[in-house]
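Please open the structure in your viewer and keep the selection panel at hand.

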Protein chains: 2
Amino acid sequence: MTGILCRGRIPSPTGERRSMNDHEFFELGDLTLQGGATLRGAKLAYKTYGTLNEDRSNAIVYPTWYSGRHWENEWLIGAGMALDPERYFIIVPNMLGNGLSSSPSNTPPPYDRARFPRVTVADNVAVQHRLVTEHFGIERLALVTGWSMGAGQTYQWAMSYPEMVPKIAPFCGSAKTSEHNIVFLEGVKAALTADDAYRGGWYTEQPTKGLRAMARVYAGWGFSQAFYWDRVYRQMGYTSLEDFLVGFWEGFFLDNRDANNLLAMLWTWQNGDISRTPGFEGSYEEALATIEADALVMPAEKDLYFPPEDEAYAVERMANAELRVIPGVWGHFAGGGMNDEDTQFIDAALKELLAR
Amino acid sequence: MTGILCRGRIPSPTGERRSMNDHEFFELGDLTLQGGATLRGAKLAYKTYGTLNEDRSNAIVYPTWYSGRHWENEWLIGAGMALDPERYFIIVPNMLGNGLSSSPSNTPPPYDRARFPRVTVADNVAVQHRLVTEHFGIERLALVTGWSMGAGQTYQWAMSYPEMVPKIAPFCGSAKTSEHNIVFLEGVKAALTADDAYRGGWYTEQPTKGLRAMARVYAGWGFSQAFYWDRVYRQMGYTSLEDFLVGFWEGFFLDNRDANNLLAMLWTWQNGDISRTPGFEGSYEEALATIEADALVMPAEKDLYFPPEDEAYAVERMANAELRVIPGVWGHFAGGGMNDEDTQFIDAALKELLAR
């Protein structure tokens, strides 16, 4: 548990380094995915914070984001915060493909590496639902919240299991991946796979040139133009623009982030769309209209791939949703836990939503 | 001359295809660059439109942009338009590195290919100045205008030769490349050079995988989020998002755009800064304050790498500058001549500026 806001601390690009073994696994058995493939012996890695109360009413699901691991969510969990383990039982499920849950990097042949099947956001939420219901016996959650692809999973929870989800707080993410967002990710993917060392996914060593190229492409998108104009990276402890590109961005993608894993999650992201939920037939707008959860939707003012306009569009079409824009220059990373002001903004909103 | 606005026409990604031989060369001799290298036998390729009048007072300089060739500027030139060849003598100099003027691809050893020296925006403007004064005997221009890196050269003209430049109209560009813009270009560069076929610039065939990757990275930046949300590419004749990525973007960078040339111009762009003009000592703000030209500065509302805020900052610090934001969703390509509304906006502004 981090607990304390990290004022003044130089953030590591990937948060506190944690042991890769401080989590548990939920055995999924033969997991048939939305696309038709069956992952045999699939596993969901998760970590919990706090204690489930007697009537099992205090559980919060807080999924991970693109390439994130459960310990990289911990900045929003702590004593005195909205996600207070003294009060809530917080479950952080690791996304399929993130290297801890079933992923290209840890699945045995024949579904290993470049053959890892396509996993949807709905697939992720379905296995999380099994963890919550089958393993913990929880029938109703207090809240689902998440950043970025975690926000996508948050929306998906409200869509897939409306009776279980009274409240959602997606931040810096969307219920459907926009076309521009898909294009941004095409650039990321093209940079990574341009490296011949990638070998169509059958590499023996990580294609580091491609990973570093991907990091540089990502760098322009993750933070806003104004963030760079103000050189906020200096406040983070980086000594020059190039130091930020290498120290933060390249370091980020070289930190145990396997190329096939990144591409698997990238596919999941590009194909995020609540209107493609199994059993639902209708448009994106119709899907949004079915969401009845009390929703506090928090895009960041200068997020370049989840712009506030897109979330305003969604909120207008939901029954009980409020748009609350995170102000400032941090762009997408306003939701990344590196800026105290943004963290306090999100935390205050979550407190308010939980208290309703 | 195109002359007529291309209403209803499906734009080719690279404008009208022109012969590579419809231009002239100005021999620069031994060209010593700002960085100290000397390009022996350097050439400036240019094309003119209209006739120089007797007192040599009707010349307009309209430089090219990143990877652009003179024929890709012609959409803004024509009868009845501001840049009317019946009235003005319009000189379009090709940027050094663009494949027509001296470039990595056409310079003989030893300064060929990966050894092509670093060229600044000020270097470009210095050779254009020689063309204008030595070759045409022009002492004062009517106007300098340009898009993107052409806007950067426009600012540089006002900075380097203030006595010659009474009016400037830079659109979708800046007098100094911002840090965010540098980062965006780092992503482009990393994607291109991730391809092993690039071979550090000593390729025997174009690194097409890298060029295509670069195109996909660029795709997210060239047009705005809202452009993709509205699927405006369909109005351009592209039948799907992927068709736009391949048909427009990959086609764009595969159209005779040599990798070393692109990297040479990318360096020029990243290092654009009027405060580094030879002989000037001072900050960016001080450099802006020296510009006395009547300036009509036109950023595009949703330009992702030359955001209007940056140009507002510049205009506030210039003596005679007006900010006029091009509205709409086209982003950077509002200045690319593919959208009639934007073209008319720019053309009307140029008419007004020329009439003052």
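Begin by selecting B:Asp196 and A:Lys209, whose side chains meet in a salt bridge, with a distance from N to O of 2.3 Å. Please bear in mind that the model is predicted. Across the interface of chain A and chain B, eight salt bridges are found.

Next, select the helices of chain A that face chain B. α3 (179–193), α4 (208–222), α5 (225–229), α6 (241–254) and α9 (308–316) of chain A each supply at least two residues of the side that touches chain B. Of these, α3(A) gives the most, with nine residues. Colour this side of chain A by residue class: 18 residues are nonpolar, seven are polar and ten are charged.

Now display both chains together. The contact takes 35 residues from chain A and 35 residues from chain B. Between them, the two chains bury about 3,100 Å², and 66% of this area lies on carbon and sulfur atoms. With both residues at pLDDT 80 or more, 14 residue pairs are in polar contact between chain A and chain B.

Finally, select B:Tyr49, which is found in strand β2 (residues 38–49) of chain B. Is B:Tyr49 buried or exposed? B:Tyr49 counts as buried because its relative accessible area is 1%, while the cut-off for buried is under 20%. As a last stop, select B:Phe252, which is 203 residues from B:Tyr49 in sequence and 25 Å from B:Tyr49 in space, C-alpha to C-alpha.

Notes. Residues are numbered from 1 along each chain as its sequence is written. Chains are lettered from A and ligands numbered from 1 in the order in which they are written. This is a predicted model: local features need pLDDT of at least 70, side-chain atom pairs count only at pLDDT 80 or more; totals for chains, interfaces and linings use all residues. Side-chain values use heavy atoms; hydrogens and water are left out. Contact means heavy atoms within 4.5 Å. Buried area is the accessible area (1.4 Å probe) that two parts lose on being put together, summed over both. A salt bridge is a side-chain nitrogen of Lys or Arg within 4 Å of a carboxyl oxygen of Asp or Glu. A polar contact is a pair of N or O atoms within 3.5 Å; within protein, one must be able to donate a hydrogen and the other to accept it, and residues adjacent in sequence count only if both atoms are side-chain atoms. Helices (H or I, at least four residues) and strands (E, at least two) are DSSP runs, numbered from the N terminus. Ala, Val, Leu, Ile, Met, Phe, Trp, Tyr, Cys and Pro count as nonpolar, Asp, Glu, Lys and Arg as charged, and the others, Gly among them, as polar. Buried means under 20% relative accessible area, exposed over 50%, partly exposed in between (1.4 Å probe, protein chains only).
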